[in-house]
Amino acid sequence: MRKFGIVILGVILVAGCRVNIDKNKHKNIFLTRHVAPLIGTGGHGHTYPGATVPFGMVQVSPDNGISSWDWCSGYHYSDSIVAGFSHLHLSGTGIGDLADILLMPINKKVVLTTTSTSRDSLSYKSTYSHKNETSKPGYYQVYLNDPKINVELTATQRKAYHKYTFTKNDEQAVVIDLGFAINWDKATQSQLTIENKTTISGYRYSTGWAKNQKVFFVVQFSKPISHYNIVADETKKESATASGEKVIAQLFFDEQNSNELLAKVALSSVSVANAKDNLNAGDFNFEKVKSEAQKNWNHSLSTIEVETPVDSLKTIFYSAMYHAQLAPVTYSDKNGEFRREDDTIITAKDYTAYSTLSLWDTFRAENPLLTLLAPDKVSDIINSMLAYYETKKILPVWTLYANETNTMTGYHAIPVIVNAYKNGIKGFDAEKAFEAMKNTMMQNERGLDLYKKYGFIPYNLLDESVTITLEYAYDDWCVAQMAKALGKEDDYNYFLKRSKAYEFLFDAQTGFMRGKAADGKTWNPSFDPKHSNHREHTDYTEGNAWQHSWFVPQDVDDFIILHGGNQKFSQKLEQLFTESSEITGNNVSADISGLIGQYAHGNEPSHHIAYMFNHANQPWRTQYWVHHILDTQYNTTPNGLSGNEDCGQMSAWYIFSSIGLYPMNPASGEYEIGSPLFEKTTIKLPEGKSFTIEAENVSTKNFYIQSATLNGVEFNKTTITHQQLLQGGTLHFVMGSEPNKNWGLTK
């Protein structure tokens with residue numbers, strides 16, 4: 001018996017080892033459990049809770065039917081009514097559009113011939129409760145209270161899958177409303193065709209933030225359509241095809257065989273034929289698609305692994321990793337074709353075209369982060385921007401569904417290209433990219449004529465003159481760096497000289513960047529550093545002088561000299577965080593949020609500022625304020641973001657800062673060192689390499705760096721290069737509760 005017991009024990013031990021081995025081998029499969037997609041759906045986060053895959057073409061998500069700023073994504077956590085489930089959504093933007101091709105299951109016949117002027121008059125809307133709602137990466141579920149239907153959604157790269165579970169014996173129907181529109185969007189023309197018993201197709205043209213948006217679609221159902229009603233512009237149609245400004249239809253299905261109805265939906269910017277091509281692969285196996293979406297997300301989330309005993313930190317981090325990989329979105333079809341703003345159709349050869357490029361926001365940290373998370377996609381994004389350049393001979397500002405929205409200031413496709421090039425990504429034509437960068441900065445649109453004439457933009461000739469000047473100066477510096485890398489000495493010298501434009505606007509007496517008149521001498525007399533006037537009759541974009549006076553990431557050392565040296569600079573910088581948070585003015589920008597003093601973490605212009613202490617020989621102040629921002633501006637609730645997510649930028653700031661790094665000057669190829677939150681961070685790199693960041697003794701109180709080593713050698717710098725990261729190795733910090741004021745000082 002004893003010998004038999006030993007054998008059994010041995011089998012158990014071996015089995016136990018095998019389980020442990022398998023758990024280690026597949027530990028990344030569970031990373032999605034740390035993601036809370038509902039973070040940012042409350043407050044001013046403007047995120048959506050629906051189903052998509054990393055950088056997916058479709059984002060199938062619920063729409064509340066409200067046109068208001070906090071409903072820019074179509075959904076806000078404060079709401080309890082759903083109008084339907086559409087297939088294109090924006091993540092965290094400050095302007096609303098999309099919500100195209102809306103489907104809504106219903107259990108009764110509804111009136112379609114009356115145009116709804118608001119969601120109150122929608123005949124197919126339903127209430128819901130967050131108690132009966134689930135949001136996970138690649139999956140969304142909600143129970144519709146009024147028709148008593150359970151809705152489940154999942155997605156692949158170019159398809160959305162719906163699963164509706166009706167109450168037994170209830171009528172089974174689906175409304176498809178091509179006229180549905182919220183926020184800036186408005187349908188201009190639509191068409192719907194019942195192709196056969198299980199398939200419908202059509203298109204929706206619209207105007208809004210994207211002035212010329214064309215979406216073609218095909219929907220295939222798991223059951224035959226028994227009968228239908230189609231209405232175009234309030235007139236019922238008897239044929240199987242209807243067109244008009246607003247087309248709406250109700251499709252009815254046989255409820256006898258099953259209480260489940262499934263649908264798969266594919267879109268295209270080109271044609272119904274391309275939508276069908278995008279749809280063809282795959283059956284109606286909803287659970288299989290859902291499982292594949294989860295695997296896809298687990299793979300994307302596993303690029304950076306963090307270790308901490310604090311579950312809430314894992315939730316915030318991996319939710320940020322999730323949000324950072326929602327945009328840009330796939331735009332080209334399976335065959336490579338996509339539509340440009342001028343309605344020409346081109347084919348992306350050897351790359352995937354991407355849209356939704358929120359460059360004013362994302363050049364700061366989101367795009368640099370993608371060189372770590374998805375380097376294979378970065379060159380595709382740049383090739384997409386260069387394809388846009390072919391249309392207008394100017395690089396994009398903010399593209400949505402291939403439309404130039406011209407939203408925000410600067411030409412920040414430029415630092416995105418330089419960042420990628422410096423970080424070793426070469427899957428694009430560098431000479432063509434430089435041509436595009438140079439030509440963009442030499443044309444005369446958006447104030448560049450004034451910038452070239454005066455060396456800065458006079459406040460009396462163009463609104464937001466200070467912000468625009470500072471951002472053009474930075475873009476010029478980036479062009480100079482690319483010119484230098486390509487051996488173009490004359491271009492390098494020209495653009496480097498122009499990048500000093502910030503010097504014209506620095507007022508040494510007040511320590512602020514101020515509006516200056518065309519005479520080059522007279523300051524704007526109407527000056528209050530706390531004053532905000534949103535987007536009109538102002539020198540600053542979505543902010544005030546306190547927030548915008550620090551944008552000289554390309555030249556921090558000389559900027560410090562302008563202030564009078566390290567001590568005066570540091571005092572002014574500290575005052576930013578400790579000044580009262582009062583914002584003056586009658587038209588204050590709603591984007592000024594997440595205030596710590598006058599520092600506004602809820603909007604992007606503040607994101608680099610805390611790292612500037614490093615350059616003034618006070619890195620412990622960077623460590624203090626970065627830790628404070630991490631601790632106070634993010635949480636695990638729907639209100640967990642202090643401002644618009646802005647297509648990944650708010651999350652990218654957290655990802656970088658929480659692991660102890662930040663690209664303060666995103667085109668420099670360097671990262672500033674801040675204050676890591678995690679005991680251990682492992683970044684997976686190409687060729688099987690990894691870079692590890694360790695923070696010994698780190699805790700809520702121990703956030704100051706005491707000492708550091710890089711691959712076992714003493715490390716006493718506040719920057720590390722991207723190329724050093726790519727080599728692999730270990731950056732080890734020892735953390736403590738009091739600042740070590742000798743660590744990281746420049747000699």
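Two strands pair if DSSP finds at least two bridges between them. The legends below refer to a predicted model.

**Figure 1. Strands β9 and β18 pair in the antiparallel sense.** Seven bridges join strand β9 (residues 159-165) to strand β18 (residues 260-268). At one of these positions, Lys 159 has Ala 266 of β18 as its bridge partner. Helix α2 (residues 272-279) packs on the sheet, where it touches β9, β12 (199-207), β13 (213-221) and β18. The direction of α2 makes about 125° with that of β18.

**Figure 2. An open sheet is built from nine strands.** The order of the strands is β6-β7-β8-β9-β18-β13-β12-β11-β16, and their pairing is antiparallel. At the edges are β6 (133-136) and β16 (241-244), each of which pairs on one side only. From one strand to the next, the twist averages 15°.

Figure 3. The buried residues of α3 are Phe 286, Val 289, Ala 293, Trp 297, Asn 298, Ser 300 and Leu 301. Among the elements that cover these buried residues are β7, β8, β9, β18, β19 (304-307) and α4 (311-323).

**Figure 4. Thr 467 sits in helix α11.** The helix comprises residues 465-485. Thr 467 has a relative accessible area of 2%, so it is buried. Apart from neighbours within four places in sequence, Thr 467 is in contact with Thr 409, Asp 539, Tyr 540, Thr 541 and His 548. A polar atom of the Thr 467 side chain lies 3.0 Å from the backbone nitrogen of Thr 541. Ile 457 is ten residues from Thr 467 in sequence, and their C-alpha atoms are 9.4 Å apart.

**Figure 5. Aromatic pairs number 41 in the structure.** Trp 550 and Phe 559 form an edge-to-face pair, 6.4 Å centre to centre, with 80° between the planes. Both of these residues, Trp 550 and Phe 559, are buried. Phe 656 and Tyr 671 form a tilted pair, 5.5 Å centre to centre, with 35° between the planes. Phe 656 belongs to helix α18 (residues 649-659) and Tyr 671 to strand β34 (residues 670-673), so this pair ties together parts that are 15 residues apart in sequence. Phe 656 and Tyr 671 are both buried.

**Figure 6. Ring pairs link aromatic residues into a cluster.** The cluster contains Phe 577, Tyr 599, Phe 613, Tyr 624, Trp 625, Phe 703 and Tyr 704.

Notes. Residues are numbered from 1 along each chain as its sequence is written. This is a predicted model: local features need pLDDT of at least 70, side-chain atom pairs count only at pLDDT 80 or more; totals for chains, interfaces and linings use all residues. Side-chain values use heavy atoms; hydrogens and water are left out. Helices (H or I, at least four residues) and strands (E, at least two) are DSSP runs, numbered from the N terminus. Axes are lines fitted to C-alpha atoms, for helices over the stretch in contact, and angles run from 0 to 180 degrees between N-to-C directions. Contact means heavy atoms within 4.5 Å. Buried means under 20% relative accessible area, exposed over 50%, partly exposed in between (1.4 Å probe, protein chains only). A polar contact is a pair of N or O atoms within 3.5 Å; within protein, one must be able to donate a hydrogen and the other to accept it, and residues adjacent in sequence count only if both atoms are side-chain atoms. Rings of Phe, Tyr and Trp (its six-membered ring) pair if their centres lie within 6.5 Å; planes under 30 degrees apart count as stacked, over 60 as edge-to-face and the rest as tilted.
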